[in-house]
Amino acid sequence: MSGVPDPRRHPHRADLAAAHLKGTVEADRFVEGVPHRVRSGVAGLRGEPDAKARHTSQLLFGETFTVYDTKDGWSWGQCGTDGYVGWTRTQSLSPELFDPTHVVTAVRSFLFPEPDLKTPPRDAIPLGAPVAVLRTVNGYCELAGGGWLYGRHLSTPDALEPDPVATAERLLGVPYLWGGRTPLGIDCSGLAQLALLRAGIPCPRDSDMQRDEVGALLSADGAGVAYRRGDLVFFPGHVGLMLDGERLLHATAYTMTVVIEPLHEVAARAGGISAVRRL
């Protein structure tokens, strides 16, 4: 079929598809999705229901995930934040849904069983995770669904970080992780997405989507561009943010970290610039 919706962002397979795609795609059956909440600090999203399958992305604590299928302890569905589709372990999900009241603004914050820093934490919750706070005791916030986070690690959802580059700088040295979206491990498009989402700028998951949809196109090859802080520079299969007029901040498999490098060095290594977009 020509013009079939991208399966990375539209839940459809040959055997099953979301009910809202009926008439748009072909599938053996169509089902209504069931919204769930991610209850693990970070949950891997994979292309197949197999622990050995490659990560395609990640889900963050508190995000919604609409489930369309389950199989052998895995759930297939769609992330509510960026629409990405894949398989995640069912044990990482909960049918309990809560309206977020706050977002994690620390790079990561421990989830404690009690409002006491000396208790062994249950999990680590990453930057950008949405949470629902019930009450505050001794500076700790009790979450709907259980557990306590340190209150100073949270802000209301409208408390944005307007400079995406400053957010990305907070992750310098974080290890590169294919499919990663968090400060525990992140890939190039995950870094760009996290930085832009924290600034209140919608951003899809993969670099090709970002190249086509985020900001305004300045150049298809970088020629003649007077680069500014925050410009998104795209290469074949890669993306980074300009720190200033000459240096690129990106998560790269070359160093396996989030790092700052001269743009011309990255371009030479990557085979050239494929697009420059300005926010």
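Here is a quick tour of one protein chain, from its overall build down to a few individual residues. Keep in mind that you're looking at a predicted model. The chain has 279 residues, and its secondary structure comes to four helices and 25 strands.

**The whole chain**

- The radius of gyration is 20 Å, which agrees with the value near 19 Å that a compact globule of 279 residues would have.
- If you draw a box along the principal axes, the C-alpha atoms of the protein chain fill roughly 55 × 55 × 35 Å.
- Of the 279 residues, 50% count as buried.
- The accessible surface comes to about 12900 Å², and carbon and sulfur atoms account for 51% of that.
- On the charge side, there are 28 positive and 32 negative side chains, and the centres of these two sets are 3 Å apart.

**Helix α2**

- Helix α2 covers residues 188-198, and it is largely enclosed by the rest of the structure because ten of its eleven residues are buried.
- The buried residues of α2 include C188, G190, L191, L194 and R198.
- An α-helix makes one turn every 3.6 residues, so residues three or four places apart point the same way.
- After α2 comes G200, which has a positive phi, near 80°.

**The cysteines**

- How many disulfides does the model have? The count comes to zero.
- A disulfide is a covalent bond that joins the sulfur atoms of two cysteines.
- To count here, two cysteine sulfur atoms have to be within 2.5 Å.

**A strand residue, L134**

- You'll find L134 in strand β14, which runs over residues 133-137.
- Is L134 buried or exposed? L134 is exposed, because its relative accessible area is 57%.
- Leaving out residues up to four places away in sequence, L134 touches E142, L143 and A144.
- W74 is 60 residues from L134 along the chain, and the C-alpha atoms of the two are separated by 30 Å.

**Two loop residues with positive phi**

- D72 is not a glycine, yet its phi is positive, at about 50°.
- Where does D72 sit? D72 is in the loop between β6 (64-71) and β7 (74-79).
- With a relative accessible area of 72%, D72 is exposed.
- M256 is not a glycine either, and has a positive phi of about 60°.
- The loop that holds M256 lies between β23 (247-252) and β24 (257-262).
- M256 counts as partly exposed, because its relative accessibility is 43%.

Technical notes
Residues are numbered from 1 along each chain as its sequence is written. This is a predicted model: local features need pLDDT of at least 70, side-chain atom pairs count only at pLDDT 80 or more; totals for chains, interfaces and linings use all residues. Side-chain values use heavy atoms; hydrogens and water are left out. The radius of gyration is taken over C-alpha atoms; the globule rule is 2.2 Å times the number of residues to the power 0.38. Buried means under 20% relative accessible area, exposed over 50%, partly exposed in between (1.4 Å probe, protein chains only). Accessible areas come from the Shrake-Rupley method with a 1.4 Å probe; for residues, only the protein chains shown count as cover. Lys and Arg count as positive and Asp and Glu as negative; His and the chain ends are not counted. The place of a charge is taken as NZ of Lys, CZ of Arg, CG of Asp or CD of Glu. Contact means heavy atoms within 4.5 Å.
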